[in-house]
Structures are given as C-alpha cells and as structure tokens.
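Hi everyone, thanks for coming. Let me walk you through a structure that may be new to you, starting with its pocket and then turning to its sheet.

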Amino acid sequence: SRESDPGFPMRAKSVAWGVLGTAKIGLDRVLPGMKKSPWCDIRAIASRSEAAARKAAEALGIPKAYGSYEALLADPGIEAVYNPLPNHLHVPLTLAAARAGKHVLCEKPIALNAGEAAELREVAGKVLVAEAFMVRFHPQWLRAREIVREGRIGTLRAVQAFFAYDNPDPANIRNIAEIGGGGLYDIGCYPIVAGRFFFEADPVRGIALFERDPAFGTDRLTSALVDFGDGRRLDFTVSTQLAPHQRVELSGTKGRIEIPIPFNPAQGAVTRILVDDCSSLDGAGIRVETLPESDQYERQGEAFSRAVRGEISLPFGVEDAVANMRVIDALFRSERSGAWEAVGA
C-alpha cells in the first residue's frame with residue numbers, strides 16, 4: 001500500500017499511462033478510478049477519431065489526444081497502456097502495444113478463445129500483461145477469501161453467482177456477435193473468475209445452457225455448472241436482457257458468505273459482506289462486516305503500476321487469462337454438444 005513507503009514522493013514513481021479508445025467503461029469508471037492514485041499518471045488517450053480523443057481528453061484532464069492507436073503506441077513517454085477496445089481487438093492491440101515496449105492492462109475477456117489468448121505468451125516475459133478483473137482487488141473479495149482461508153465457513157463447496165443487466169440496444173458492442181458480444185463473454189467471465197478466485201483452483205469440466213437473441217445471435221441468458229473436482233462446484237446465471245441484479249454466495253460445510261454487490265459496487269463507497277453461521281434459517285446467524293471506502297479501479301491501476309515499478313509482483317498475468325478463457329471455451333463447446341465438456345489444459 002501507499003502507506004508502506006512513508007515519506008516517499010509517490011508522484012515521482014507514477015507510471016505514465018496511455019489509453020486505447022474511448023470506451024464508456026474507461027471514461028466513466030476505470031480512468032476516473034486510476035486518476036485517484038498517485039501511482040497512475042494518465043498522459044494520453046487515442047481514438048480512430050481525433051475529435052473523439054480530444055473530447056475525452058478534455059473531459060478527463062488528459063494532456064495528449066491522438067487520432068490513431070499507432071500514434072499513441074509510438075509515444076516514447078508512455079510506459080503502460082489500458083486497452084478497453086471491443087473484444088476482438090484485445091489481443092491484436094495488446095500485442096501491438098507490448099511489441100512497442102508498453103505494459104498492458106487489457107479489458108476482459110482478454111480474447112475470444114484460449115488459443116488467441118495464448119498468443120500473448122510471445123510478449124509475457126518482456127512486459128507485464130494482465131486481464132482487467134478489477135473485482136480481485138476490491139476489499140470485499142479479498143476479505144471474503146480471507147474468511148474462507150481461515151475456515152470459518154468450513155470447507156468451501158459451492159460458489160453461486162448471478163449477474164444481469166438489461167441492454168436491448170442493437171448498436172451496442174455487447175450485442176454484436178461477430179466482435180465478441182454476448183452474456184458469457186461480457187459478464188459470465190466474472191463468475192468464472194469468482195470460482196477460480198475463491199476455490200483457488202481451476203475447474204475440470206463444465207456444462208451450460210444458452211438462450212440466444214433471435215436478432216442479435218448473442219447469448220442473452222446463459223446458465224452454467226462448472227466442476228472444480230473434489231465435490232466443489234460453481235453454478236451461475238448471467239443475462240444481458242433481465243432486470244439488473246447481482247450477487248455471489250460462498251457456501252461451506254459450516255456457514256456461508258454473501259457478497260451483495262460483488263461486481264460493480266459504487267466507486268469509493270463503503271461495502272459489506274454477510275457472514276452467516278447458518279444457525280438459523282431466518283438469518284439470525286448473519287453477521288455483517290462493513291468494509292472501508294474503496295474504488296476497485298483505483299486499486300487495480302495502482303497494483304499494476306506498482307508491479308511495473310517492481311514494488312510488487314503482478315498477481316495475475318497471461319497464464320491466468322488463458323486459464324479463464326479455457327473455461328469459457330468449454331462452456332461454448334457444451335452449447336454445441338449439449339454435454340459436459342472438459343476444460344482443456
């Protein structure tokens with residue numbers, strides 16, 4: 001943490017960041033979060049439209065605006081790049097940035113399949129590359145995992161997750177199948193990360209049920225059962241066309257933990273998790289843990305920047321991203337086969 005290095009002029013150690021594209025997630029959440037951290041100096045933003053780049057730069061107080069991605073990648077002053085482009089551009093532009101000597105924080109899903117994600121191994125030893133699952137840096141996830149590790153809910157056996165929003169806009173990139181739209185890619189990746197994060201393991205097989213939008217061709221309601229072996233399983237449902245709701249529940253042999261807003265709690269807000277000893281079905285055994293104000297995007301950007309500076313090791317890299325994509329691949333295969341599919345190695 002910042003406090004671990006008292007008195008050091010943190011701004012002198014900040015990492016110079018550039019941003020590829022003017023995606024809403026970047027402009028509204030990620031960049032405002034990163035700008036809170038003295039480790040992150042957002043210096044440039046690029047778009048295929050110079051006017052769009054200028055508008056974003058002015059709105060966020062970013063010094064430089066470029067009318068092409070290539071121009072930003074050629075800027076010798078940029079050390080790290082945030083890539084929130086549409087899914088089909090994640091690997092190509094991450095590779096381009098890495099080959100230009102830039103470290104890359106890439107939005108999820110990092111690729112369209114595990115084979116594509118594995119292409120990033122080419123640059124993994126030269127620069128830092130990570131998939132932007134900001135939830136893994138939020139205190140509510142870290143505290144929940146700590147409670148699991150302490151054994152307070154016994155042996156963790158089941159992780160259940162639900163994540164839904166309602167977006168029927170045909171022009172939205174999440175609803176364009178050809179560029180990686182759909183529920184599993186966009187939000188199903190989060191429950192998969194939850195299973196891997198809390199079990200601290202990778203699954204062996206999965207099976208899924210998909211319902212696709214007849215006009216978009218994207219999966220709008222997807223449910224999956226993912227087997228982690230040894231009597232452990234993740235089950236989840238995600239949807240792009242249901243009333244907004246989300247939750248994660250961790251069930252063990254002696255209790256359970258519930259994270260009420262696990263994926264996008266308000267930035268900078270106090271959060272809470274529920275720890276239930278299950279002594280009563282009416283909830284009398286629930287104890288609420290309140291966690292301090294936090295911005296998961298700030299924490300993610302800060303952790304990546306500190307890793308760039310060699311202050312810490314990057315906790316999640318290319319191999320982690322490949323492992324997550326293998327699960328997604330297995331679930332898409334299950335849609336076609338109607339059967340359990342092994343999660344490839």
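First, a term: on a 1 Å grid over the protein atoms alone, a pocket is an open set of points where a 1.4 Å probe fits, with protein on both sides within 12 Å along at least five of seven lines. Its volume is the space filled by probe spheres set on the points, joined across faces, edges and corners. Please keep in mind that this is a predicted model, where local features need pLDDT of at least 70, side-chain atom pairs count only at pLDDT 80 or more, and totals for chains, interfaces and linings use all residues. Residues are numbered from 1 along each chain as its sequence is written, and side-chain values use heavy atoms, without hydrogens and water.

So, the largest pocket holds about 930 Å³ of space. Its lining counts 36 residues (an atom within 4 Å of a point), and among those nearest the centre are Lys 24 and Asp 186. Helix α1 gives the most to this lining, four residues (helices are DSSP runs of H or I, at least four residues; strands are E, at least two).

Now the sheet. Nine strands form an open, mixed sheet, ordered β14-β13-β12-β11-β7-β10-β9-β8-β15; strands pair if DSSP finds at least two bridges between them. At the edges sit β14 (286-294) and β15 (341-342), each pairing on one side only. Further in, β11 and β12 run antiparallel, joined by four bridges, and Glu 249 stands opposite Glu 258 in β12.
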